[in-house]
Amino acid sequence: MFFFSVLIIKPCSGNTLFPEEELLRFTVDVDEILKRRTYSGDPGSAIAGQYDREVRPYLSTLDTSNVVALSLHFRAAMLAFFYSHENRYADTMERCLAILHSQGLAKKTHYDDMYATYITQRKFVKANEFVKKHNMMVEEEIPKVIDVEQVNAKPKIWYIDVRTRSLVADSFTWRSGLTVVVLSSPRCHFSFDFFAAMQNNSKLSALFQRHGVFLVPPGGELSFDALVQWNQRNPGYPVILADKRTDWPEIGLWHTPVFYFFLDGKVVEAVIGWPKEGSERALESIFERLIKQQAIIGSNGINEN
């Protein structure tokens with residue numbers, strides 16, 4: 001996961017660039033929040049809360065002719081969105097960018113950040129239109145998207161149709177009994193380390209093939225080609241894309257890899273990260289205990305031994 005930091009910016013006395021109301025007297029000090037780790041799970045709620053206290057009150061008096069203010073508000077909203085994934089911050093980004101663009105003052109970084117935000121929101125069609133409208137050069141083209149409007153059930157996911165190279169929206173269906181949601185990413189070497197260890201462990205391979213769901217967290221890089229290659233090489237362990245974090249309220253930490261053990265849709269265990277020495281034994285132990293627990297309570301448990 002990437003982390004951004006933002007400068008602490010305070011208006012200087014007599015600096016005419018800043019509004020009289022000291023609009024830019026905010027301290028969205030992301031670095032300090034991350035260093036202190038006074039939050040539980042992801043830092044998003046802590047950073048969003050600071051944004052709402054320090055920045056949002058000044059939006060109603062924002063001077064649209066003040067380029068410095070617009071750019072700083074855009075970046076502050078981008079940081080709040082990056083960590084919280086709350087759409088209201090993306091709306092603020094759009095508002096600031098629209099004004100900057102209309103004045104011919106938007107920079108490449110503004111467009112790049114807005115595009116990455118649309119990808120994170122899984123607004124693939126809008127992202128594609130945005131690229132065309134602004135003649136952007138992006139790392140990879142967005143594939144064909146099939147988003148059936150009838151997909152209203154939560155969680156909404158996107159699966160990769162390898163044959164047609166398409167992203168297809170669907171609703172996720174929980175299995176009865178044990179499901180292990182593995183947060184993973186084609187850009188995360190720790191995810192690859194886990195997968196290599198799993199493939200060399202016949203017991204874990206069988207367990208994850210039966211119970212595993214490999215879920216890619218929302219993020220600003222789609223990496224579609226890498227996702228296609230993964231699913232072509234590993235048809236027994238296909239990855240799917242989460243649409244929104246809020247669709248998965250039981251998941252508190254969106255780093256990769258994280259292993260969430262669900263029983264009938266409720267989290268009962270979690271293993272975070274993949275250390276150098278691996279965590280095979282910890283995973284095997286949890287599997288064994290939960291499968292035995294299922295068998296005892298008669299909830300379709302299967303003894304894998």
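Select S184, S185, P186, L227, W230 and V239: together they line the second largest cavity. A cavity here is a set of points, on a 1 Å grid over the protein atoms alone, where a 1.4 Å probe fits but cannot get out; lining residues have an atom within 4 Å of a point. Its volume is about 40 Å³, taken as the space filled by probe spheres set on the points, which are joined across faces, edges and corners. The lining has four nonpolar, two polar and no charged residues, with Pro counted as nonpolar and Asp, Glu, Lys and Arg as charged. The structure holds three cavities of 30 Å³ or more.

This is a predicted model: local features need pLDDT of at least 70, side-chain atom pairs count only at pLDDT 80 or more, and totals for chains, interfaces and linings use all residues. Residues are numbered from 1 along each chain, and side-chain values use heavy atoms, without hydrogens and water.

Next, pick F194. Outside four places in sequence, F194 is in contact (heavy atoms within 4.5 Å) with V182, F208, F214, F259, W274 and L283.

Now colour by pLDDT, the predictor's confidence in each residue, from 0 to 100. The chain mean is 84, and 82% of residues reach 70 or more. Go to residues 1–28: pLDDT stays under 50 there, and the model has 66 contacts beyond four places in sequence for this stretch. Finish at residues 299–305, where pLDDT is below 50 and the model has 15 contacts beyond near neighbours in sequence.

How values were computed: 1 Å grid on protein atoms, 1.4 Å probe; cavity = no way out; pocket = protein on both sides within 12 Å on 5 of 7 lines; lining within 4 Å.
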